[in-house]
Amino acid sequence: MTLLGYGEYTYEVSGKDWGDLPDGWSYKEATAVAVDSKDNVYVYNRGGHWIIIFDSNGKFLRSWGEKIFTNPHGVTISPDDTIFCVDSADHTIRKFTLDGKLLMTIGVPGKSSAPMSGQPFNKPTHIAVDPRNGDLYVSDGYANASIHKYSPDGRLLFSWGESGTRPGEFNIPHNIAVDRDGWVYVADRENQRVQIFDSNGKFETQWVNLARTCAVYVDNRGDPLVYIGEYYCGDTTNTMGLRIGPRISIMDTSGNLVSELGVKSFGDDPGRFYAPHGISVDSKGNIYVAEVSWGEFGSQMDPPRNLRSMQKLIKQ
């Protein structure tokens, strides 16, 4: 048994691709993961069966979305158990019921805004839902440097951010989350930080001393915790570096580190990660980690090969 973390936040790792996939299926790579109110797990992936749903034990339940998405990137389940899927290549965010009925589309499929224009969308990355009122926040990160706020019915309210390294500026805003008090957490990936804003887009603070911050998830149950997925920062030929990612850091909402999961560099051994790209947490405190291991590592190997891309960390 391999354990990660310390103190109250210690976890047993699954050690291999989590979830009992049907014969012949593959994630290729899992880009994002979300958990509904019944602890069912929705894996957004690039293997052709775009949304794959499991129970909390990894039993396959169903899939949907096979003819909808172009490049799955971010997924979020709102407090009312609707699911938002971000398609970065299609420049859209779609809202569905949990069984795949389309409810709303934000953005025009296949049509992007001008690069770095600050207008939605150009390769958006993730979406967060304010648990207080259903307001939506979209990180528009790959060819923009903006956050867009929408009303629950998909009406654009305002946007903020531009390219840069100063507070309130972004270099790939890659993931986003909102806590129960309405604070907005942005994983500002290439600036290696998390920036925190109020609901009006006003900069509040930033958390640094992180690796490349790719994922951020807020668990609003009990004392809220913030889970941060970090990419590897070193030379990808060096598997010996310590404490420079990839890893999961768990912080309280004041920015205090409460546990760190993973100190070794990338690898397939239990307790190591490749590229944490999406995080979710169930009602028992178990962590689900989606990793873009194919794009970051497997596709560059000789010969190329699929790597583990979905892990469950079981709280002890």
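## Sheets, pockets and salt bridges in the predicted model

At 18% relative accessibility, Arg212 counts as buried, because the limit for that class is under 20% relative accessible area. The structure described here is a predicted model. Within it, the side chain of Arg212 meets that of Glu190 in a salt bridge, with an N to O distance of 3.1 Å. Arg212 belongs to strand S19, whereas Glu190 sits in the loop between strand S16 (184-188) and strand S17 (193-197), so the contact ties together parts of the chain that are 22 residues apart in sequence. Glu190 has a relative accessibility of 28% and is therefore classed as partly exposed. The pair is also part of a network of salt bridges that links Arg189, Glu190 and Arg212.

In the whole structure, 13 salt bridges were found. One of them joins Arg221 to Asp219, the closest N and O atoms being 2.9 Å apart. Arg272 counts as buried at 13% relative accessibility, and Asp269 counts as partly exposed at 44%.

An open sheet of five strands has the order S1-S2-S25-S24-S23, and its pairing is antiparallel. Strand S1 (3-6) and S23 are the edge strands, each of which pairs on one side only. On average, neighbouring strands of this sheet are turned by 25° against each other, direction ignored. Strand S2 (residues 9-13) pairs with strand S25 (residues 310-315) in the antiparallel sense over three bridges; the bridge partner of Val13 in S25 is Leu313. On the S24 side, four bridges join strand S24 (residues 287-291) to S25, again antiparallel, and Ile287 stands opposite Leu313. S23 and S24 are paired in the antiparallel sense over five bridges, with Glu291 in S24 as the bridge partner of Pro276.

Four strands form another open sheet, in the order S3-S4-S5-S6, with antiparallel pairing. Strand S3 (30-35) and strand S6 (60-64) stand at its edges with a single partner strand each, so one side of each is left without a neighbour in the sheet. Neighbouring strands in this sheet are turned by 20° against each other on average, direction ignored. S3 is joined by five bridges to strand S4 (residues 41-45), and the two run antiparallel. Among the paired residues, Ala30 has Asn45 as its bridge partner in S4.

The largest pocket has a volume of about 660 Å³. Its lining comprises 35 residues, and those nearest the centre of the pocket are Val35, Thr76, Ile77, Tyr217 and Val218. At least two lining residues are supplied by each of S3, strand S7 (72-77), strand S11 (126-129), strand S15 (173-178), strand S19 (212-219) and strand S23 (276-281). The edge strands S3 and S23 are thus among the contributors to this lining. S19 provides the largest share, with five residues. By class, the lining of the largest pocket divides into 20 nonpolar, nine polar and six charged residues.

The second largest pocket has a volume of about 170 Å³. Its lining consists of Lys28, Glu29, Arg46, Tyr142, Arg189, Tyr231, His277, Val292, Trp294, Gly295 and Glu296. Three of these residues come from helix H1 (residues 293-296), which makes the largest share. Four residues of the lining are nonpolar, two are polar and five are charged. Arg189, which belongs to this lining, is also a member of the salt-bridge network with Glu190 and Arg212.

Methods
Residues numbered from 1 in each chain as written. Predicted model: local features only at pLDDT ≥ 70, side-chain atom pairs only at ≥ 80, totals over all residues. Heavy atoms only, no water. Pairing = 2+ DSSP bridges. Axes fitted to C-alpha atoms, helices over the stretch in contact; angles between N-to-C directions. 1 Å grid on protein atoms, 1.4 Å probe; cavity = no way out; pocket = protein on both sides within 12 Å on 5 of 7 lines; lining within 4 Å. Points joined across faces, edges and corners; volume = space filled by probe spheres on them. Nonpolar A, V, L, I, M, F, W, Y, C, P; charged D, E, K, R; others polar. Salt bridge = Lys/Arg side-chain N within 4 Å of Asp/Glu carboxyl O. Buried < 20%, exposed > 50% of the residue type's maximum accessible area, 1.4 Å probe, protein only.
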